[in-house]
There are 2 protein chains.
Amino acid sequence: MTRPRAVVVVTGSELVRGDRTDLNGPYLAAELLRLGIEPARIVIVGDREDELADALGEGLRADLCVVSGGLGPTHDDRTVELVARAAGVGLRLDEPLHDQIGGISRRFAQRLGRPYVDFEAGVRKQATIPEGALSLGLAGTAPGLVLEAPRAVVVVLPGPPAELRRLWAEALRVEPVRRVLDRARPPELRLLRFFGASESAVAKALADAGGDGNGVEATICARDFEIHVDLVVEPGAEARADDLSARLAAPLEQYLFGRDGRPVEELVLGLCRERGLTLATAESCTGGLVAQRLTSVPGASDVFLGGVVAYSDDLKMRQLDVPAELLERHGAVSAEAAAAMAAGARARLTADVAVSVTGIAGPGGGSEEKPVGLVYLQAEGPAGVRSADFVFPGDRDSIRRRAAVTALHLLRLHLAQNRHEGV
Amino acid sequence: MTRPRAVVVVTGSELVRGDRTDLNGPYLAAELLRLGIEPARIVIVGDREDELADALGEGLRADLCVVSGGLGPTHDDRTVELVARAAGVGLRLDEPLHDQIGGISRRFAQRLGRPYVDFEAGVRKQATIPEGALSLGLAGTAPGLVLEAPRAVVVVLPGPPAELRRLWAEALRVEPVRRVLDRARPPELRLLRFFGASESAVAKALADAGGDGNGVEATICARDFEIHVDLVVEPGAEARADDLSARLAAPLEQYLFGRDGRPVEELVLGLCRERGLTLATAESCTGGLVAQRLTSVPGASDVFLGGVVAYSDDLKMRQLDVPAELLERHGAVSAEAAAAMAAGARARLTADVAVSVTGIAGPGGGSEEKPVGLVYLQAEGPAGVRSADFVFPGDRDSIRRRAAVTALHLLRLHLAQNRHEGV
């Protein structure tokens, strides 16, 4: 029995022109895979009528076609019209939708102090949907839609990623989509997350463990300087997957940090929470990236107190009590400065645990002795300190992101170590 | 005269499964556009033979087909074989390539201490190319290739982005590709960047200005809460483009902040630099995002001193001198707190200019009086203050990113206003 086959069609001239990288295709592909539907292809087209029509034509030969974008009020947003044409059905003005979109646009016009008549054509356009289509609700003034075409079920979603995700969840509850899902076979996913091991070391460990195949498919993927291994396990291959993941993990145990999708910042906050510790950051070259990642987790405020971005030497002294003599002797990019910054953050921000990062993100500021990419880090808590230094490759953005993820893993190791030692 | 039409085919099972976001498609699309070739679509497929064959079949109906990935030594890397089949030509072992790849593999085998015979099949596979194909040189052990198919010129490139970019530069020098480039017409690009106007307001202004067409193609794109208008100007349509951009900008002048691709953080740093002002940040709900964006710009350190992420009330008091009574009376999410945070950052971090952000990013923490999304901001400098408040829609990530971009634009307006007033 084969899985239902899905095609994702993403439209947006800025995407096909390289101005922006599409995020909806990868999101939808991962969703389809999780649900047991085969994501066969992602097609990205602009708003040219012939290209979009062609891509929809191909998409409608799959079992499920998910379309993103092109739902706006203007004439170059042609998705709905072309989906109807590809499915061989007409268009109709949906009165309840017309009322609803009209109401939103009226309030919007009022707020802008503009006449509603400016919006009228757009409202009619957005309330006009294919015959037989079901509305999933609105994203702004654009309805998401589900349509049963002769072969495929078509799901039409708005382009903005947050709105797409919200209406995709709605689509999964709608009858025609449910019928496709009933034929799907969700695989089991096993995740292994490594930090500190290279992609080729993980690939070698996988090969040594027997490799994939026989109902277990493995992907090894370097993502944000971590190595993520996903095992897609077909029904019946669970024992083989257990064996493979045990064999893969054994030689890499010191690098294995997770068996689910939780990001390291969430693990760090969880470890602090478990142990009743508060947390602060002291950043130089990462300029707020570490704090930003920690505060991206909802509910971070019960653990994370705050941080100091001490970009200038003066602020390192005044906000983090780094001694002037230390900066003079060792420089702001040094193990000594990282240590003083972490200690200063703990004391000044009255946190139990702190992490510091100082380095040279480039492109300027490097020297023979201290090259671009050199980064010193320190994590410090009631149980002691853990420090590290690296010369990271890559450009400014890459060095900063790598330093930030390393700071988070340093915190994780510091906290996990203390826990094991019963401190 | 229409432009040559190009299709980009990207292959990789990790891409079609959403494990990784493809970067080659957007890179190649931007390159094609710059060169005056129309990037008609980007198709992402896995390594399933039928899907890839199908995508290549479509690609070979364009004038130029650029293929990325699937060049490895193993059996599931099928790009070369399927390109030959789609073009209707056979495969042949290329002796010089065989020697070259063999030499690399021999040295590699030696280094790993493995017998060369393990590599032999892979070497033969990678040295086997379509009849009539030209080699672009090697990426690792995989040759990039150019092939003239009956209709399309096909460029076959390796998947790793750095290698792809290197061999793409080679491809542009090869005769069959040069012939396609001779028919290309590089367009002129004009950019208009707005903040504070809605996408539909910009769309209406464009329509009122006469709309696009007649050699000027416009895309309106909401990106990171700004509205970006790109005008692609055909040779000969420059006067029409001048007129259209003037008419488009006139009613939106207060929202227009740029006519090039520089991000707002770079404009803010430039305005500070021009006027010899130093800058600091005081962030609560954005948790370091504003500082992170400012420090993403190389050379930020001559202007940006640092910032405080004051996530807890305690740190707002102790690091930014926000009075306890003020927090008690008005709450941490209030115009009064934002004002005190900005003033505190200027004083404590001894910066000329500071911006503050305090708000409720959610999903928890909202109330009827102060809902999730409520954000107060203040920019303050020698010339005075500029404040703002909003209730932003969306999820935590969206509210935080929107608050950060708003803080940067508030700074820009504060600085630009002072400049115009000759302060």
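**Exercise 1. In which crossing, right-handed or left-handed, does H3(B) pass H4(B)?**

Solution. This is a predicted model, in which local features need pLDDT of at least 70, side-chain atom pairs count only at pLDDT 80 or more, and totals for chains, interfaces and linings use all residues. Residues are numbered from 1 along each chain as its sequence is written, while chains are lettered from A and ligands numbered from 1 in the order in which they are written.

Step 1. Locate the elements: H3 of chain B covers residues 49–59 and H4 of chain B covers residues 79–87. Helices (H or I, at least four residues) and strands (E, at least two) are DSSP runs, numbered from the N terminus.

Step 2. The axes of H3(B) and H4(B) come within 9 Å and cross at roughly 45°. Axes are lines fitted to C-alpha atoms, for helices over the stretch in contact, and angles run from 0 to 180 degrees between N-to-C directions.

Step 3. H3(B) is therefore oblique to H4(B). Angles under 35 degrees count as roughly parallel, over 145 as roughly antiparallel, 65 to 115 as roughly perpendicular and the rest as oblique.

Step 4. The crossing in which H3(B) passes H4(B) is right-handed. A crossing is right-handed if the near helix is turned clockwise from the far one by less than a right angle, and left-handed if anticlockwise.

Step 5. On H3(B) the contact is made by Leu52(B), Ala53(B), Leu56(B) and Gly57(B), and on H4(B) by Leu82(B), Val83(B), Arg85(B) and Ala86(B). Two residues are in contact if their C-beta atoms, placed from the backbone, lie within 7 Å. Sorted by class, the contact of H3(B) with H4(B) has six nonpolar, one polar and one charged residues. Here Ala, Val, Leu, Ile, Met, Phe, Trp, Tyr, Cys and Pro count as nonpolar, Asp, Glu, Lys and Arg as charged, and the others, Gly among them, as polar.

**Exercise 2. Describe the packing of H5(A) with H6(A).**

Solution. Step 1. H5 (residues 95–112) and H6 (residues 117–126) of chain A have axes that come within 9 Å and cross at roughly 150°. H5(A) and H6(A) are therefore roughly antiparallel to each other.

Step 1. H5(A) passes H6(A) in a right-handed crossing.

Step 2. From H5(A), His98(A), Ile101(A), Gly102(A), Ser105(A) and Ala109(A) meet Asp118(A), Phe119(A), Val123(A) and Gln126(A) of H6(A). The contact of H5(A) with H6(A) comprises four nonpolar, four polar and one charged residues.

**Exercise 3. Show how chains A and B are joined.**

Solution. Step 1. In chain B, 60 residues are in contact with 60 residues of chain A. The side of chain B that touches chain A has 29 nonpolar, 19 polar and twelve charged residues.

Step 1. E2 of chain A and E2 of chain B, each spanning residues 38–45, run antiparallel and are joined by five bridges. Two strands pair if DSSP finds at least two bridges between them. Opposite Ile44(A) stands Ile42(B) in E2(B).

Step 2. An open sheet of ten strands with mixed pairing has the order E17(A)-E16(A)-E15(A)-E13(A)-E14(A)-E14(B)-E13(B)-E15(B)-E16(B)-E17(B). E17 (384–391) of chain A and E17 (384–391) of chain B stand at the edges, each with a single partner strand, so one side of each has no neighbour in the sheet. Direction ignored, neighbouring strands of this sheet are turned by 10° against each other on average.

Step 3. Within chain B, E13 (residues 279–283) and E14 (residues 304–310) run parallel, joined by five bridges. The bridge partner of Leu279(B) in E14(B) is Phe304(B).
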